[in-house]
Amino acid sequence: MKHTIRLSDRSRFIVTALLIPIGWFIIFRLYPLCYTLYLSFHTYYLLSGQMIFQGLLNYVSILHDTLFITSLKNTIYIVLGLSIAMWIALGLALALKNIKKAFIRNIFRTIFFIPTVVMSVAAAQIWTWMYQPSYGVINYLLSSIGFKPFLWLTSPQQVIPALIIVILWKNLGFTIILFEAGLSSIPGIFYEASEIDGATKWQQFKYITWPLLTPTLLFVFVTGFISALQTFTQPYVMTMGGPGTSSYTLVFYVYQRAFAYKDLGYASALSYIIFLIIFIASYLQLRYVKERVWA
Amino acid sequence: MGLKKTISKVHLLLNCVIYVILIITSLVMIFPIFWALSTSLKPYSEIFDYPPKFIPEHPTLQNYATVLFGWYPPGLVMTEIPLGRWFLNTILISFVVTFFVLFTSSISGYVFAKFHFKGRDFLFMMLLASMMIPFVVIMISLYILMVQIGWVNTYQALIAPFIVSPFGIFMMRQFCKGIPNEYIDAARIEGCSEFTIYGKIIFPLCKHPLAALAAYTFSVQWDEFLWPLLITTSSDMRVLSLGLAVFFPFYGTIYLYAILMAAIILSIMPVIIFFVFAQRYFITSFVLSGLK
C-alpha cells in the first residue's frame, strides 16, 4: 500500500489559495521587518560586510542628529501644508455638488482628476521646469500681475512650499473624488426634510453635511497623512534634498543614509523611528476622532 | 415677493462665484500639462525666450524625433534615450503585478469569506496588519535579500514584492461575503470541485470589483519609483518613472527640458487618453480604495 498523504479537495483548495499570500507575507514583509530591526542594533556598511553589535547606539545618535531633526521638520511642514490644503478639496467638492448639470460637472471632474493619472516623476519634472527662476513660466506669470520673481526650488525658505504645491496638484483631484463620494452617500431625504423645516444652507451644512462627512474626512486625513510622511519622489527628482539640506524629508534621508553613505544600520534605525511616528500619529488621530465623533 | 427676489439674486451670484472658482481651478490644474506640451513643440531657440510664448512660434517635432528615433540636432551629444524599452518594462511589470494581485486577492478573499478552518482569522489579521508596514521600513532588508539571492537588476525583483495586495484581499473578502451560500452549496451537490466552483462561479461574479482593483493596482504600480530606483542598475532594466527622473539632469542645460517634455508627453498621454475613456473604472477604483 502506498502511504501518500491525501488532502481532501477542500484542503487542497485552501492551501493553494493561501500559499502565495502567506509565502509572500513571510518573505517580503515579515522577514524584512524583523531583519531591519536586527540591523538597527548594529553598525553595518553595505560593502564592508562586517556587522558590529551596538545596542541602542544608533537610536541614541539619531536623537542628536541635526539632519534627522531637519528632515523631521521638513516632513512635518509638508504634512501640515497638505492637511490644510485638504480643505480646498472639500470646498471644490461642495462647489461641484452645487452644479446641477451632470455633463458640466463631469467635465470639471475629469480635468481635476487628470493630474492624478500623471506619473509622479513626470509631474515633478514638469513643475521643476515651470519653477525655473529665470526662464520659468510661473515667475513670468507672477511678474505679469506685479509680483517679484520667486526663487522657488533654489531658496531654502521657498523649496518646501514649492514641493507642497506639486504634491497638492497631483492629489487634489483624487481627494475631491473621495469627498464627492462621501457627500453623495448622504441621503438626500435629510436635506429635503430640513428644507421643509426651514433650515438655511449653513444650518444644513453644519448639522447634516459636516457630521455625516466625518468618516470620509477622517479617512482622507489619515491616508493623506501617512503618504505625506513618506514623501520621497518630489525631493529626489526636483531638488536632491537641496538647496543644502533644506528639502530633506525623512524617507529621503533614509535613502541617502542607506544608499549614498551605505550606512545600513543607522538607516534601519531611522526607518524604525519613521515607522513609530506613523504608527503613533495614526493611532492618535483615530482615537481623537473616535472620541469626538462616535463617543 | 421682494424677499424671494433677493434670495434668487443671492443664489445667482453664488452660482456665478462657484463657476468662476471652478473654472480658475481647472485652468490651474490643466496648465502644467499644456505647458509641457507647448515646451515639447518648441525649437531650442524658443526655449530661452523671455517672455515665454504660450504657443510655439515655429512648432517642431524635432524633440519627439530625438526621443523616439535618436535624431539629434548637430552639436548636441547625448546618450541614447531608450524610452520604448522603459515603456515596455513598465507595462510588463504593471501587467504581471496586476495579474497576480487579481488572482491572489480573489481566491484568498473567497477563502477568507466562505471557508472555516483553524487559524483563519489569525492569518487574515496578519495579512491585514501588513498594510500598516510603510515601505521605507522594509526596503533596506529587501534590498539586502535581493543582493543575497542575486536578483538585483531583474524583473523578478521588480515584481515579487508587490504580487499580493492585502487591501485587495480585504476588498474581495468583503465582496465574497455577499455571495449567497446557496450558489456554492448547489455546485458542491452537483459534484463540482472547489477549484471549479472558484473558476466557474466565484471568479465571474467578482468581475466588477476586480476591474476596479485592476485599475487601482495598475496605476499604483505604474507610478512606482523608489523600489525600481534601488534595485535596477542598468538602463535597459529601468522603468519609465526612473528613466524620466534619472536620465535627465535637472540643474543641467535648460534646452534639455524641451526633449524631456517631449518624453514626458509621450509617456503620460496614453494614460490620460485611457483615463478619459475608462474614467468610470478609474474613479470607482479610487473611491473603492477609499472605502476600506
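This is a predicted model: local features need pLDDT of at least 70, side-chain atom pairs count only at pLDDT 80 or more; totals for chains, interfaces and linings use all residues.
**View 1. The buried residues of helix 5 of chain A are A:Ser120, A:Val121, A:Ala122, A:Ala123, A:Ala124, A:Gln125, A:Ile126, A:Trp127, A:Thr128, A:Trp129, A:Met130 and A:Tyr131.** Buried here means that 20 or more other C-beta atoms, placed from the backbone, lie within 10 Å of the residue's own. That makes twelve of twelve residues, so helix 5 is mostly covered. Helices are DSSP runs of H or I with at least four residues, and strands are E runs with at least two, numbered from the N terminus.

Residues are numbered from 1 along each chain as written, with chains lettered from A and ligands numbered from 1 in written order.

**View 2. Here chain A meets chain B, with 66 residues of chain A in contact with 70 of chain B.** Contact means C-beta atoms, placed from the backbone, within 7 Å. On chain A's side, helix 1 (residues 9-40) gives the largest share, 18 residues.

**View 3. Chain A has domain 1 (9-58) and domain 2 (66-294), bounds that come from an automatic or database assignment.** Their C-alpha centres lie 32 Å apart. Where they touch, eleven residues of domain 1 contact nine of domain 2. Helix 1 of chain A gives the most to domain 1's side, with four residues.

Key: Two residues are in contact if their C-beta atoms, placed from the backbone, lie within 7 Å.
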